[in-house]
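Take a look at the chain below.

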Amino acid sequence: MMKFTKQNFIFLVGGMIIYVVDIGVDFWVASKYFCQGQYSWSILMLCFRGLSSLITQIFSYEWFKNDWEGTNTRKLKWIFLVHLFQCGIFIRYWFALKYGCQAAFKPNSSGDASETDPPNFIQKQAVDVVTDINMLRVFKTFLETTPQLFVQIYIVMEHGKDNICQYAAIIMSFCGISISTVDYQVSLRKSLPDKDEFPVLPKLVYLFYKLLTITSWILSISLITRLSVKSSVILLTFLWICGFTWTLKQHTAFCKSKKMEYLYRTVVGIILIFTFFNIKGRKTKVSISIYYATHTVVTLGILFVYMFWKPSIIKDIHFTIVSILTIVSLVLGIIFLVVYYRHFHPTAYCKPQACSDEVDGEVGQKDRMGIDRFQNFIMQ
């Protein structure tokens with residue numbers, strides 16, 4: 001049975017605090033750039049924030065509408081207004097704190113449960129609302145946090161100025177990526193039959209696998225952007241087209257409406273630029289091998305281009321540091337990836353009928369208390 005523990009509640013509160021701090025840091029960094037006359041960087045940072053907020057609000061409201069379909073019409077109107085003002089995530093955090101507190105500290109309390117609800121109703125409610133938040137944070141991570149990290153690293157490399165606000169933004173970006181990837185995997189494990197907990201060791205291996213491979217790729221993109229912004233845009237666009245096309249061929253079924261489904265596939269295409277996700281619950285050995293082999297080839301190709309095309313840049317200390325970090329994080333990330341999939345991936349110990357090969361990306365909109373939304377989301 002899925003359980004929401006006191007530790008889960010503490011992480012929930014910590015995640016909410018970091019979310020609020022992250023918003024403050026974004027506006028602080030943007031204002032710093034604006035005051036320094038670097039208007040393009042300021043606008044770019046705010047654009048990432050705005051795009052991420054808009055898309056997460058759209059999905060959040062759609063999930064509320066699907067969960068409350070046919071009931072709570074007045075509440076839905078109020079919920080719509082809150083999302084319209086880009087504050088929907090705080091409504092979800094309020095529900096998470098409410099149910100999480102009851103589940104973690106008052107396990108015998110019935111709370112909002114009726115007499116006909118199962119005994120673990122509050123536990124299920126707490127897990128569900130936190131899972132929804134974690135799904136939205138996955139969107140935020142790859143629509144806002146990861147691109148901002150890439151921009152900040154590029155600015156440091158290009159201008160070579162040590163600025164405390166830049167380093168603060170980089171640190172917050174790394175924290176955001178780390179927390180969202182771990183929370184995401186914890187929610188996944190809770191959605192699997194007979195698996196309530198995500199042990200510490202697998203959690204750390206998964207964290208380092210994701211964080212290191214994403215870091216290596218972000219540094220690679222930063223390098224090619226410094227070489228040629230046009231080349232970077234072309235590469236990212238090509239990768240998004242490949243990811244979007246792959247989601248189309250997988251025939252994902254995350255949303256009820258076709259428009260929302262295409263929006264979902266567009267977002268997944270962006271996510272696939274930075275990291276691999278299995279979006280159809282099929283064997284991924286070949287797909288993930290091709291994915292990271294391609295990233296390795298492109299990364300090495302970028303470094304070789306620098307060596308033969310721009311040998312003068314090699315003497316730059318920032319280039320040297322970034323190059324070393326790129327190679328080291330790529331190698332270590334691949335090692336952690338192999339260890340995770342060989343020893344800690346749920347398919348290594350989960351019953352075949354329970355989790356043939358977890359889905360990374362689609363969601364059926366069935367009864368919330370029946371089949372979790374997360375069982376069709378981008379899993380791994």
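What follows starts with the whole chain and then moves inside.

This is a predicted model, where local features need pLDDT of at least 70, side-chain atom pairs count only at pLDDT 80 or more, and totals for chains, interfaces and linings use all residues. Residues are numbered from 1 along each chain as its sequence is written, and side-chain values use heavy atoms, with hydrogens and water left out.

The protein chain has eleven helices and zero strands. Helices (H or I, at least four residues) and strands (E, at least two) are DSSP runs, numbered from the N terminus. Of the chain's 380 residues, 53% are buried, meaning under 20% relative accessible area with a 1.4 Å probe, protein chains only.

Now pick out helix α10, residues 285-309. It has 25 residues and spans 36 Å from its first C-alpha to its last, close to the 36 Å expected at 1.5 Å a residue. The expected span is 1.5 Å times one less than the number of residues. Which residues of α10 are buried? They are I288, Y291, Y292, H295, T299, I302, L303 and Y306. These buried residues pack against α7 (200-227), α9 (258-274) and α11 (317-344).

Next come the spaces inside. A cavity is a set of points on a 1 Å grid over the protein atoms alone where a 1.4 Å probe fits but cannot get out; lining residues have an atom within 4 Å of a point. Grid points are joined across faces, edges and corners, and a volume is the space filled by probe spheres set on the points. The count is five cavities of 30 Å³ or more.

Helices α1 (6-35), α5 (121-159) and α6 (164-191) each give two or more residues to its lining. That lining includes G15, Y19, R137 and S180. By class it has three nonpolar, five polar and three charged residues. Here Ala, Val, Leu, Ile, Met, Phe, Trp, Tyr, Cys and Pro count as nonpolar, Asp, Glu, Lys and Arg as charged, and the others, Gly among them, as polar.

The second largest cavity holds about 70 Å³ of space. Its lining includes Y19, R49, R137 and E144. Helices α2 (39-67) and α5 each supply at least two of the lining residues.

Terms used
Buried means under 20% relative accessible area, exposed over 50%, partly exposed in between (1.4 Å probe, protein chains only). Contact means heavy atoms within 4.5 Å. On a 1 Å grid over the protein atoms alone, a cavity is a set of points where a 1.4 Å probe fits but cannot get out, and a pocket is an open set with protein on both sides within 12 Å along at least five of seven lines; lining residues have an atom within 4 Å of a point.
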